[in-house]
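Q: I am new to this structure and would like to learn how to read its features one at a time. Could we begin with the way helices pack?

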Amino acid sequence: MSRELILPRKDGSLFTYVPGNGPSYDVPSGKPRSRTAFAAAHVVCDPLADTDPLHQSRIDWNATLQYRHYLWSLGFSVAEAMDTAQRGMGLTWQHAKELIRHSIEEARAVGGHIACGAGTDQLTPGARVTLDDVEAAYEEQCSFIEAKGGQIILMASRALAACARRPDDYERVYGNILRQVSRPVILHWLGDMFDPALKGYWGYEDVDAAMAVCLRIIRTYRDKVDGIKISLLDAEKEITMRRLLPENVKMYTGDDFNYPTLIRGDEHGYSHALLGIFDAIAPAAAAALHALDEGDTNRYDAIMERTVPLSRHIFQKPTYAYKTGIVFLAYLNGHQSHFRMIGGAEGARSVVHLSEIFVLADRAGLLRDPELASERMRLVLALAGIR
């Protein structure tokens, strides 16, 4: 079948596009040595479930777990039940518990590294929710993850953002939880561009003031904190915080715009990675990280920089809709048989947006089988009336 496609532009016009021949780099095996690299993994819904897709989506467990095996095979650690898995945006705590349980079992079977999101999403934020409720919700989720043998990623809480009245409330809640955990956790500071309900997290809308609160918590409980992932899409803020962390605490970049330079680092240090975009660019990121291990920064830069236009496009505003692009690429590359998402989120981006993903993924060498990708892109275009 021909690879030639007719794609739409923003102005409504159409153009002809023929993708290239696929990846131009070797995909390595084994974990990168110089950086810890987590890929936040998406979930695959069951497209044949006869349920309300907006509120009662079901998960295709085989396809979902196969994708985690794929990420482990490339040397990545998996960040489970996070924002990329539509946590709080289709993935309920009941779903997340089953996902965490299955994934920890699979990780143990193959020697894969995994960390799992603990939040408070069993609570519905509202006037009646108290700090005690938030603590109890965190305790339930942390206890579940640790009982299964998983490492905790302590996620930001919408309920805490809604009921906290001052920075001290954050210090109280986080302090009470960190005192109870049995092994160091990864904190997660998620900016409001990813989740508007988290505006003013740590008690301040000003980032520097919020950072001071977060750093105070980390320094107080440094033995209980493995690292912190910040997702603010602001490289300078991340670097500033990275240089202020205690020596034993890692910075995990969550910056899906500036990750190449943040991971490469400078004379003062570098960031590790916990990124949603690594789900989509896993082969390229693996090749780049192994080049970095070998001291070949030119090759690292060349591979990583080709992925940045794609990542910036996927994570464009509204940023929280980035999961649609992540799943779309998994579909194009044959990791799942369909382009459906829990919560009906496949409709969160336009066909113009998806067409640009196709082009940018091709330019980044991320269409592993261009003929298959073209065939699947053609089906998506036909649904939009483009033939």
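Q: Which residues of α10 meet which residues of α11?

A: Two packed helices are described by the angle between their axes and the distance between the axes. In this predicted model, A284, A285, A287, A288, L289, A291 and L292 in α10 meet T297, R299, Y300, I303, M304 and T307 in α11. Sorted by class, the residues of this contact are 10 nonpolar, two polar and one charged.

Q: At what angle do the axes of α10 and α11 cross?

A: The axes of α10, which spans residues 282–293, and α11, which spans residues 297–314, cross at roughly 160° and come within 7 Å. Because angles over 145 degrees count as roughly antiparallel, α10 is roughly antiparallel to α11. The crossing of α10 and α11 is left-handed.

Q: How do α1 and α2 pack, and at what angle?

A: Helix α1 (residues 61–73) packs against helix α2 (residues 93–110) at an angle of about 45°, and their axes are 10 Å apart. That angle makes α1 oblique to α2, and the crossing of this pair is right-handed. On the α1 side the contact involves W61, T64, L65, R68, H69 and W72, which meet H95, E98, L99, H102, S103, E106, A107 and V110 in α2. By class, the contact of α1 with α2 holds six nonpolar, five polar and three charged residues.

Q: Which residues touch the most other members of the largest nonpolar core?

A: In soluble globular proteins, nonpolar side chains tend to be buried together. Here the largest nonpolar core has 127 residues, and F76, L154 and F278 touch the most other members. Helix α10 gives the most to this core, with nine residues. Leaving aside residues up to four places away in sequence, L154 touches A118, Y138, C142, Y174, I177, L178, V185, I186, L187 and H188. There is also a second, separate core of 10 residues, which includes A79, M82, I153 and I186.

Q: Is E238 buried or exposed?

A: A residue counts as buried when its relative accessible area is under 20%; E238 has a relative accessible area of 1%, so E238 is buried. E238 lies in helix α7, which covers residues 235–244.

Q: What does E238 touch, not counting residues up to four places away in sequence?

A: With those residues left out, E238 touches I230, M251, T253, G254, D255, L262 and S271. As for Y252, which is 14 residues apart from E238 along the chain, the C-alpha atoms of the two are separated by 9.3 Å.

Notes: Residues numbered from 1 in each chain as written. Predicted model: local features only at pLDDT ≥ 70, side-chain atom pairs only at ≥ 80, totals over all residues. Heavy atoms only, no water. Axes fitted to C-alpha atoms, helices over the stretch in contact; angles between N-to-C directions. Helix = DSSP H or I, 4+ residues; strand = E, 2+ residues; numbered from the N terminus. Parallel < 35°, antiparallel > 145°, perpendicular 65-115°, else oblique. Left-handed = near helix turned anticlockwise from the far one by under 90°. Contact = heavy atoms within 4.5 Å. Nonpolar A, V, L, I, M, F, W, Y, C, P; charged D, E, K, R; others polar. Core = buried A, V, L, I, M, F, W, Y, C linked by side-chain atoms within 4.5 Å. Buried < 20%, exposed > 50% of the residue type's maximum accessible area, 1.4 Å probe, protein only.
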